[in-house]
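Subject: Structure handover

Hello,

Here is the structure you will be working with. Please open it next to this email and follow along; my notes come after it.

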Amino acid sequence: MSSKTSGGEAVADTSPRIRVGVSRCLLGEEVRYDGGHKRDRYVVDVLGAYFDCVSVCPEVEIGLPIPRPPIRLVQVGGGIRVRGVRDRELDVTDALDALYLQVAHRFVGLSGFILKRASPSCGMERVKVYDESGRTVGTDAGRFARALMRENPSLPVEEEGRLHDPRLRENFITRVFAYRRWQELRAGPAGVAELQQFHASHKMLLLAHNQAGYRRLGRLVAAARSEGLDTALDAYGEGFMATLRRNATPRSHSNVLDHLAGYLKRSIDAGDRAELREVIDRYRRGLLPLVVPLTLLRHHFRRHPRGWVDQQVYLDPHPAELMLHNHV
Ligand code: SF4
């Protein structure tokens, strides 16, 4: 793996590479309750080439041994505890709750987090909850994951299992790169002009995810001068990431592609216009992946530049080598 892992130590935020938190067992480290690992090839071999991974194993970091007795979420009265499966006296709820604050400094500046699914500590959602007699009574997030998401509501978070779904994977990686751009804007001396520019360059991307969200963000930008820049920036950041959380669909992408094609109608001849229409329609009907109309549009805009279109993140939201648009 070409990325660095931070293990247990603090990491200074000096790297130009994107930093992403990862459940430690996914990196191939033997930290699981049974002494094994859950190395995820996509996370390590593909994403590892682009991201620096900051790893955490909550159960080890609260002092549990390797191997260790398994734990699970248990409904107790009105709340959920994290208890031993066989050892009923073992209760690590408070230790896991306290851990997040102890390690939070390592997560400053992260642009995303990849969690191990189904873990009572790391699972993002749908982790089984049992009653005290051992029957399944519902689902919840893992205890550490819950604190992570509560404290970082805009942080893109995903599970390794869901990353095998091309649409969820593309959405997550898009959000990681988008969040990084937002973090860079916030790190600089951002004024109203920078916010307007950021919003303008993300117009097509936002429209592909959620038209109503794009319009709400536009109103925040318009009010930035009258209502205070800091308030507007905070609200915009939250709204921006929430808008991107909704998956773009072939239909919403097609609308954006049609919109972009409209900028070329006086620049390309009738044959090229018909070809572009046909390619977008074939994408809409599921006969072509998104990379095809996007590549054709980029080709035409290279020959017939439009300044505003060139700035659109939508045409290039993540590295082409990840081939995320080849499968959606
Ligand atoms: S799922 Fe989380 S707590 Fe369990 S071994 Fe992996 S990193 Fe550690």
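A residue is counted as near a molecule if its C-beta atom, placed from the backbone, lies within 6 Å of it. Keep in mind that this is a predicted model.

The ligand

By that rule, the residues around the ligand are Ser-23, Arg-24, Cys-25, Val-31, Arg-32, Cys-57, Pro-58, Glu-59, Lys-116, Ser-119, Ser-121 and Cys-122. Sorted by class, this shell holds five nonpolar, three polar and four charged residues.

The sheet

Next, find the open sheet of four strands, which has the order E4-E3-E6-E7 and mixed pairing. Strand E4 (79–84) and strand E7 (136–140) are its edge strands, each pairing on one side only. On average, neighbouring strands of this sheet are turned by 40 degrees against each other, direction ignored.

Strand E3 (residues 71–76) pairs with both E4 and E6. With strand E6 (residues 127–130), E3 runs parallel, and two bridges join them. Here Leu-73 stands opposite Val-129 in E6. With E4, E3 runs antiparallel, and the two are joined by six bridges. On this side Val-74 has Arg-81 in E4 as its bridge partner. E3 and E4 also form a hairpin with two residues between them. In that turn, Gly-77 has a positive phi of about 60 degrees.

The helix pairs

Two packed helices are described by the angle between their axes and the distance between the axes. I give both values for each of the pairs below.

Helix H3 (residues 93–103) packs with helix H4 (residues 143–151) at an angle of about 30 degrees, and their axes are 9 Å apart. The crossing of H3 and H4 is right-handed. In the contact, Thr-93, Leu-96, Asp-97, Leu-99 and Tyr-100 of H3 meet Arg-143, Phe-144, Ala-147, Leu-148 and Glu-151 of H4. By class these are six nonpolar, one polar and three charged residues.

Helix H8 (residues 211–222) and helix H10 (residues 229–245) pack at an angle of about 170 degrees, with axes 10 Å apart. Angles over 145 degrees count as roughly antiparallel, so H8 and H10 are roughly antiparallel to each other. From H8, the residues in the contact are Gly-213, Tyr-214, Arg-216, Leu-217, Leu-220 and Val-221. They meet Ala-232, Ala-235, Tyr-236, Gly-239, Phe-240, Ala-242 and Thr-243 in H10. This contact divides into nine nonpolar, three polar and one charged.

Regards

Technical notes:
Residues numbered from 1 in each chain as written. Predicted model: local features only at pLDDT ≥ 70, side-chain atom pairs only at ≥ 80, totals over all residues. Nonpolar A, V, L, I, M, F, W, Y, C, P; charged D, E, K, R; others polar. Pairing = 2+ DSSP bridges. Axes fitted to C-alpha atoms, helices over the stretch in contact; angles between N-to-C directions. Left-handed = near helix turned anticlockwise from the far one by under 90°. Contact = placed C-beta atoms within 7 Å. Parallel < 35°, antiparallel > 145°, perpendicular 65-115°, else oblique.
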